[in-house]
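I opened my notebook to get to know one chain, starting with its overall layout and ending with a single pair of residues. Here is what I looked up.

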Amino acid sequence: MNVVVVLGHPSADSYCAAIFERIILALESQPSHSVTAIRLADEKFVTAISTAERVAYETATPLISDETKRHAEVLLQADALIFVYPTWWSGLPAQLKGWLERVFVLGVAFRFNDNGKIRPNLQNVRHIIGVSTYGSPWRYVKLINDNGRRTLTRAIRMSTGLRTRTMWRGIYALDTCTQQQREKFIADTAEKIVKRLEKSSR
Amino acid sequence: MTKTLVIYVHPVEGSFNSCVRDAVVKYLSKHDHEVRLRDLYAENFDPFLSANERALHHTPPTTRPELARDVEHLRWCEAIVFIYPTWWSGLPAMLKGWIDRTWMNEVAWVLPAGANTIRPRLTNIKRLVAVTTHGSSKFVNALQGEPGKRIISRSIRVMCNKLCRARWIALYGIDNSTLADREKHLATIGQRVARALR
């Protein structure tokens, strides 16, 4: 199974990055998976869609930079997408949101059918998995709405196949979590993701 | 007279959103509002919150002098009008990055020692208005749960005044709209925003 794992936190020494690296390790130890790790900050991925890209977005050839072309190719081969990011202002960090805007374009995330209607184009993606850290407690997140989660498991989900499954892992009230809770979350998350992907690759 | 900060985000000049910006700014300036316009793309604002800046998360705003103007604007205004296109159900990365970077410690919020929820600091802001366009229909956006709307009307609103009202003015299904639909939207948009600011 081709698994694409994306990190949306800017610091390599953050807790988010630690979760990310553990997931990569756990998946790479499985011979049935081929893992692509995308560290947006390390790659210096440009956050905001540019004027030229926005103009190209409306055309049949929206991918005009090497970095977006490379990521689009990876996406079109992916069986599973895993997002690891910190929730800021109840949503995705800008760089991760920018990744969706710049790479999930015509011919990648969607296409037009003969009647000019939008149709999903990422039917190869069978799993969308999100792992996020929250500064706020669970109740507060639910009250405000988990907008990053909605973007990935609903908006992006509409571009994948009908049978795509989603899975969510969140660690809440991170600032007051103990070291043990953090360790346990990392271990459990890696294990659950491996299990989920193992079941469906059989 | 309301001190109104207009945050406009669209990369293409001449876009429908840029027409909305012109209509709104013109109407508000004519009707006794003090308007400050920020055009994040034209200013080349960098929406990326870097690792170095993230490390300053709990420090006072003086550690980020490059954002001093944003801080001053946030503390000055009584209302914010956001004008932007909704992409992938939410705010454009440029706008999300502006919020990520400028709604900072001691400006938008404080975190008391030992607490895990932040406390509001932008009590000067009593109105938030979002003026946006959606390519998809209202039905599709409802299915997706309107993440962009909720970032503004809930997540950032709780950092403003207790009585702060958030108003949502959206043109859904712009991809399938007619010229007449869009002209109608432009003709009344200034007035609708002004009413929302009352």
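Entry one, the layout. I'm working with a predicted model, so I keep that in mind throughout. I read along the sequence of chain B and wrote down the pattern β-α-β-α-α-β-α-β-β-β-α-α-β-α. That comes to seven helices and seven strands.

Entry two, the size. I looked up the radius of gyration of chain B and got 17 Å; the globule rule gives 16 Å for 198 residues, so chain B is as compact as a globular protein of that length. Along its principal axes, the C-alpha trace spans about 55 × 40 × 30 Å.

How much of chain B is buried? I found that buried residues make up 55% of its 198 residues. The accessible surface of chain B is about 8,600 Å², and carbon and sulfur atoms account for 51% of that.

I took the contacts in chain B between residues at least 6 apart in sequence, and 80% of them join residues at least 24 apart.

Entry five, charges. I noted 29 positive and 18 negative side chains in chain B. The centres of the two sets lie 10 Å apart.

Entry six, one strand up close. I picked strand β1 of chain B, residues 3–8, and asked how many of its six residues are buried. Next I checked its pairing: β1(B) and strand β2 of chain B, residues 34–39, run in the parallel sense over six bridges. Zooming in on β2(B), I found B:Val35 opposite B:Thr4.

Note on methods: Residues numbered from 1 in each chain as written. Chains lettered and ligands numbered in written order. Predicted model: local features only at pLDDT ≥ 70, side-chain atom pairs only at ≥ 80, totals over all residues. Heavy atoms only, no water. Helix = DSSP H or I, 4+ residues; strand = E, 2+ residues; numbered from the N terminus. Rg over C-alpha atoms; globule rule 2.2 N^0.38 Å. Buried < 20%, exposed > 50% of the residue type's maximum accessible area, 1.4 Å probe, protein only. Contact = heavy atoms within 4.5 Å. Areas by Shrake-Rupley, 256 points an atom, 1.4 Å probe, with all protein chains shown as cover. Lys, Arg positive; Asp, Glu negative; His and termini not counted. Charge placed at Lys NZ, Arg CZ, Asp CG, Glu CD. Pairing = 2+ DSSP bridges.
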